[in-house]
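Here are my notes on the model you sent over.

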Amino acid sequence: MAHVRIIDASVTYRGVDRKVRALDGVMLDLAEGEPVSVIGPSGCGKSTLLFALAGLVPLDGGSMEVAGEQVAGPRLRTSLILQDFGLLPWKTVLANAALGLQVRRHPRAERERNAIEALERVGLGDVLHTYPSELSGGMRQRLALARALALDADLLLMDEPLSALDALTREDLQGLLLELWRQRKHTAVLVTHSIEEAVFLGRRIVVMTPRPGRVSCVVDNPGFETAGYRDTEAFYERCAALRRLLAEEGALHVADELAGEADTDPAATASGAVRR
Ligand code: ADP
Ligand code: MG
């Protein structure tokens with residue numbers, strides 16, 4: 001599995017007449033098989049961080065290492081899952097799930113076997129020969145997930161993958177993501193706007209500053225992996241602590257957006273946060 005080491009990573013987008021510094025000296029270390037959530041204000045560079053880790057955006061300073069190798073381009077076992085699913089409408093569910101394997105030139109029989117197994121794991125074993133347009137949003141996101149599983153990804157990068165889904169479907173898929181992680185123990189980076197999702201799916205939660213993005217702090221989440229965590233007191237406390245931190249960090253609109261999701265106790269402290 002993939003150990004991730006990000007040292008002082010910076011990214012600048014260069015347009016015709018202006019430069020945008022998206023990331024500025026990001027430091028982060030993920031253990032093999034560790035799932036973390038990343039949260040921060042819009043435009044702070046969360047997607048950029050994932051694209052850079054996926055080898056799709058070059059750094060202009062610092063370094064990123066995955067499984068002991070410098071990221072210099074796309075890597076075989078790194079999978080990036082986006083909000084808009086990235087499915088090809090003219091291909092069947094099975095062909096879409098096998099797409100990553102096809103691009104990487106695996107033999108046909110192996111592609112089908114891996115894709116079918118992955119589709120069964122995400123509950124799409126019955127719709128192999130239908131098309132994405134026939135699927136609900138939740139099923140499409142399951143399909144995008146199956147594609148990553150078929151590739152046997154050891155690093156899963158997810159950019160707000162569940163944002164477009166209704167609340168119940170979203171909760172369902174959060175459960176699936178947790179279950180798949182328990183089975184496979186891949187390293188995972190989940191970017192999300194939802195405080196609850198961040199706490200439910202991250203062993204640690206990385207809070208980013210407004211642009212140019214840096215790691216503002218990392219919140220430990222020791223209750224993660226407790227059975228029924230979502231319904232525990234500890235879960236609510238962690239969500240409230242994270243909300244306070246986001247407010248402090250100037251990510252107020254994130255906190256506002258989600259105000260009322262859990263009780264906020266202004267007297268409590270954001271214990272477990274490590275300042276960077
Ligand atoms: P987030 O995902 O946190 O909302 P992004 O990583 O998408 O943030 O973007 C970070 C900053 O970089 C933003 O100010 C955005 O406008 C800018 N940006 C993103 N992609 C490009 C690009 N291809 N060219 C120029 N600027 C970009
Ligand atoms: Mg983004």
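1. Ground rules. This is a predicted model, in which local features need pLDDT of at least 70 and side-chain atom pairs count only at pLDDT 80 or more, while totals for chains, interfaces and linings use all residues. Residues are numbered from 1 along each chain as its sequence is written, and chains are lettered from A and ligands numbered from 1 in the order in which they are written.

2. The chain as a whole. The protein chain has 9 helices and 11 strands; these are DSSP runs numbered from the N terminus, with helices being H or I of at least four residues and strands E of at least two. Of its 276 residues, 43% are buried, where buried takes 20 or more other C-beta atoms within 10 Å of the residue's own, exposed 12 or fewer, and partly exposed anything in between, with C-beta atoms placed from the backbone. Contacts are pairs whose C-beta atoms, placed from the backbone, lie within 7 Å. Among contacts with a separation of 6 or more, 69% are between residues 24 or more positions apart.

3. The ligand site. Which residues sit around ligand 1? They are Y13, G15, V20, A22, S42, G43, C44, G45, K46, S47, T48 and R211, picked by a C-beta atom, placed from the backbone, within 6 Å of the molecule. Helix 1 gives the largest share of this shell, 3 residues, and strand 2 (19-30) also supplies at least two. By class the shell has 4 nonpolar, 6 polar and 2 charged residues.

4. Helix 1 itself. Helix 1 (residues 46-53) is largely enclosed by the rest of the structure, because 6 of its 8 residues are buried. Those are K46, T48, L49, L50, A52 and L53. Just after the helix, G55 has a positive phi of about 80°.

5. V191 is in strand 8 (residues 187-191) and counts as buried because 22 other C-beta atoms lie within 10 Å. Beyond its neighbours within four places in sequence, V191 contacts V38, K46, S47, L50, M158, D159 and E160. As for I205, 14 residues away along the chain, its C-alpha atom is 9.8 Å from that of V191.

6. Helix 4 against helix 5. Helix 4 (residues 108-121) and helix 5 (residues 137-150) pack at about 135°, axes 8 Å apart. The axes are lines fitted to C-alpha atoms, for helices over the stretch in contact, and angles run from 0 to 180 degrees between N-to-C directions. The pair is therefore oblique; under 35 degrees counts as roughly parallel, over 145 as roughly antiparallel, 65 to 115 as roughly perpendicular, and the rest as oblique. On the helix 4 side the contact uses N114, A115, A118, L119 and R121, and on the helix 5 side A146, L149 and A150. By class that is 6 nonpolar, 1 polar and 1 charged residues.

7. Helix 5 against helix 6. Helix 5 and helix 6 (residues 167-184) pack at about 15°, with axes 10 Å apart, which makes the two roughly parallel. Here G137, G138, Q141 and L149 of helix 5 meet T169, D172, L173 and L180 of helix 6.

8. Most residues other than glycine have a negative phi, and most peptide bonds are trans. Where is the cis peptide bond? It joins R211 and P212, with omega about -5°; P212 is in the loop between strand 9 (204-208) and strand 10 (215-220). A67 has a positive phi near 50°, lies in the loop between strand 4 (61-66) and strand 5 (69-70), and is partly exposed because 17 other C-beta atoms lie within 10 Å. E225 has a positive phi near 85° and is in the loop between strand 10 and helix 8 (233-248). With 12 C-beta neighbours inside 10 Å, E225 counts as exposed.

Technical notes. Two residues are in contact if their C-beta atoms, placed from the backbone, lie within 7 Å. Ala, Val, Leu, Ile, Met, Phe, Trp, Tyr, Cys and Pro count as nonpolar, Asp, Glu, Lys and Arg as charged, and the others, Gly among them, as polar.
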